[in-house]
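Here are a few notes to go with the model you asked about. Have it open while you read, and take the points one at a time.

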Amino acid sequence: MATGRTHRPATRSRGIPEATVARLPLYLRALTALSERSVPTVSSEELAAAAGVNSAKLRKDFSYLGSYGTRGVGYDVEYLVYQISRELGLTQDWPVVIVGIGNLGAALANYGGFASRGFRVAALIDADPAMAGKPVAGIPVQHTDELEQIIQDNGVSIGVIATPAGAAQQVCDRLVAAGVTSILNFAPTVLTVPDGVDVRKVDLSIELQILAFHEQRKAGEETGQTGPEATEGPAGATTPPDRAVTAATDRKGPDGDVPAVMPA
């Protein structure tokens, strides 16, 4: 058994590194903002700054797409939007199911960014019979008993899990058995999936712990101390580093970049 990130034949067959794939949505977001302002071209330095990377890395990433820009002119914004959208598979409609319609699931259902980025919420699914038929974001919630049929009827290959941790693995197993090959997991647990299934995990508490770690470091620098081990408690005793925070900082994305929590 493996835990995701094993199934990207389209990009890997073309030799595009995983780290580059992870940055493509950042470039697309910046380019889309430029397109909305009717900006025709952009330099590598300007686009890199907007995406939060350095220009050398951006030029290297775009070389994998066969896009090199024009010296003195830069990159054509509309063409890059199309090129990256095509590479990411966003030129087609992707039906998505969200399982677990509590506060988080309902918020995800109401998130307008899905539709604008090529994703259609095909169904909302919850285990609570009282939720059945209740509209959320204009979509009636369906019971988990119908999960397999819903996936088959809608040709779903992407599932979003927003259930409590205890139910997540069982939901994951049912999604995979029904044909889902990509999962976005918001449940605070690690999922086990077969080879060929991608899992992307979003853990808000870990992201906050990472921010707390950096805040602690900044506070230490301001007082002339270095490292969290120098932080003292109310009685003057030295407080050891938060092990959960330290572990969280090890879970970085490609090239050491901490992954973003949600698209803007």
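1. Start with His143: a polar atom of its side chain sits 3.0 Å from the backbone oxygen of Ala127. The His143 side chain also reaches the backbone nitrogen of Asp145, again at 3.0 Å. Keep in mind that this is a predicted model, where local features need pLDDT of at least 70, side-chain atom pairs count only at pLDDT 80 or more, and totals for chains, interfaces and linings use all residues. Residues are numbered from 1 along each chain as its sequence is written, and side-chain values use heavy atoms, with hydrogens and water left out.

2. Where is His143 found? Look in strand β6, residues 139–143. His143 counts as buried because its relative accessibility is 17% (buried means under 20% relative accessible area, with a 1.4 Å probe and protein chains only). Not counting residues up to four places away in sequence, His143 touches Ile125, Asp126, Ala127, Asp128 and Pro129 (touching, or contact, means heavy atoms within 4.5 Å).

3. Next comes Thr144, in the loop between β6 and α8 (147–154). Thr144 is buried too, at 11% relative accessibility. Leaving aside neighbours within four places in sequence, Thr144 is in contact with Ile125, Asp126, Ala127 and Arg174.

4. Now for the second largest pocket. Ala127, Thr144, Thr163, Ala167 and Val171 lie nearest its centre, out of 15 lining residues (a pocket is an open set of points on a 1 Å grid over the protein atoms alone where a 1.4 Å probe fits, with protein on both sides within 12 Å along at least five of seven lines; lining residues have an atom within 4 Å of a point). Helix α9 (residues 165–177) gives the largest share of that lining, four residues.

Notes. Helices (H or I, at least four residues) and strands (E, at least two) are DSSP runs, numbered from the N terminus. Buried means under 20% relative accessible area, exposed over 50%, partly exposed in between (1.4 Å probe, protein chains only). A polar contact is a pair of N or O atoms within 3.5 Å; within protein, one must be able to donate a hydrogen and the other to accept it, and residues adjacent in sequence count only if both atoms are side-chain atoms.
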